[in-house]
Amino acid sequence: MQIPTADGLADAFAAYPGHGERHPGVLMYPDAFGIRSTIRDLADELAGHGYYVLVPNFFHREGPTPIIDLPEHIGEADRSALVARLMPLIKDLTPERVLSDADAYLGFLAAQPEVATGPVAVTGYCIGGLLATRTAAAHPDRVAALAAFHAPVAADGPESLVRLTADVHFGHAATDITPEALGELNQSLEGAGIAYTSEIYPGTVHGFTMSDTDAFDPPGLRLHWDRLLPLLTRALAKS
């Protein structure tokens with residue numbers, strides 16, 4: 001799919017049930033490695049639970065997916081070099097660009113004939129979790145649920161979290177955050193007065209949901225689904 005944005009077309013992938021009725025919309029931001037088989041599998045799995053899932057290429061200013069060539073399996077020996085190539089692109093994703101794109105993504109999602117009217121959910125992985133958090137904070141009237149996994153969700157400071165109104169789940173890798181930092185993050189979420197869960201997934205490392213990496217942790221991925229699916233059911237049903 002092609003999403004019109006202020007800076008050109010963003011290629012995207014959509015997954016949704018084949019039957020005719022409309023489905024609640026979910027905007028899913030991938031990790032920094034972008035749209036690939038693993039991300040399509042996650043979107044397909046979520047779509048199978050009754051959602052229309054839109055996955056944009058947030059590096060679209062650099063060209064269509066794939067932005068860089070990826071090995072079939074991303075081992076630890078590959079990760080550092082790949083991240084080094086992607087880091088300049090991540091730095092170019094200014095908050096202004098992220099929010100401009102988010103407007104376009106949400107507008108496109110709402111316009112699809114298979115998408116139900118009403119609020120949507122936003123989810124993301126790694127840097128995509130930060131983009132999801134920024135999107136939810138900027139669109140409190142449109143985003144009813146936010147989920148982010150192994151993501152730097154507090155990168156914009158505690159004041160950004162206080163702007164959230166969506167129901168929230170943050171699933172952190174054990175290597176990404178200390179219990180003390182988790183307590184500070186959760187205090188910020190308390191200050192927002194929202195329904196939230198925010199926890200460290202035991203024994204996980206950064207990227208634990210991604211089955212094409214050495215970081216993959218099957219129990220962590222299962223816990224991700226155990227947290228994500230009830231969140232979407234609660235938030236989108238009550239909205």
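User: Before we look at the sheet, when do two strands count as a pair?

Analyst: Two strands pair if DSSP finds at least two bridges between them. In general, strands of a sheet pair through backbone hydrogen bonds, and they can be parallel or antiparallel. Keep in mind that this is a predicted model. Here, eight strands make an open sheet, ordered E1-E2-E4-E3-E5-E6-E7-E8, with mixed pairing.

User: Which strands stand at the edges?

Analyst: Strand E1 (2-5) and strand E8 (196-201) do. Each has a single partner strand, so one side of each has no neighbour in the sheet. From one strand to the next, the twist averages 20°.

User: How many bridges join E3 to E4?

Analyst: Three bridges link strand E3 (residues 25-29) to strand E4 (residues 52-56), and the two run parallel. Leu 27 stands opposite Leu 54 in E4.

User: And which strands does H3 touch?

Analyst: H3 packs on the sheet and touches E1, E2, E3, E4 and E5. Its direction makes about 130° with that of E1. Helix H1 (residues 37-47) lies across strand E2 (8-15), E3, E4 and strand E5 (120-125), running at about 55° to E2.

User: How do I read a nonpolar core?

Analyst: Start with the general idea: in soluble globular proteins, nonpolar side chains tend to be buried together. The largest nonpolar core in this model has 52 residues, and Tyr 29, Leu 54, Leu 164 and Phe 170 touch the most other members. Helix H3 (residues 95-111) gives the most to this core, seven residues. Apart from it lies another core of 32 residues, among them Ile 39 and Phe 208.

User: Where does H2 bend?

Analyst: H2 bends by about 35° at Leu 86, and a proline, Pro 88, follows within four residues. Helix H2 (residues 76-92) reaches 25 Å from its first C-alpha to its last, close to the 24 Å expected. Its buried residues include Arg 79 and Leu 82, and what covers the buried residues includes helix H4 (127-138).

User: Is His 150 buried or exposed?

Analyst: His 150 is buried, with a relative accessible area of 1%. His 150 also has a positive phi, about 35°, although it is not a glycine.

Note on methods:
Residues numbered from 1 in each chain as written. Predicted model: local features only at pLDDT ≥ 70, side-chain atom pairs only at ≥ 80, totals over all residues. Heavy atoms only, no water. Expected span 1.5 Å × (residues − 1). Bend = angle between axes of the 7 residues up to and from the residue. Buried < 20%, exposed > 50% of the residue type's maximum accessible area, 1.4 Å probe, protein only. Contact = heavy atoms within 4.5 Å. Core = buried A, V, L, I, M, F, W, Y, C linked by side-chain atoms within 4.5 Å. Axes fitted to C-alpha atoms, helices over the stretch in contact; angles between N-to-C directions.
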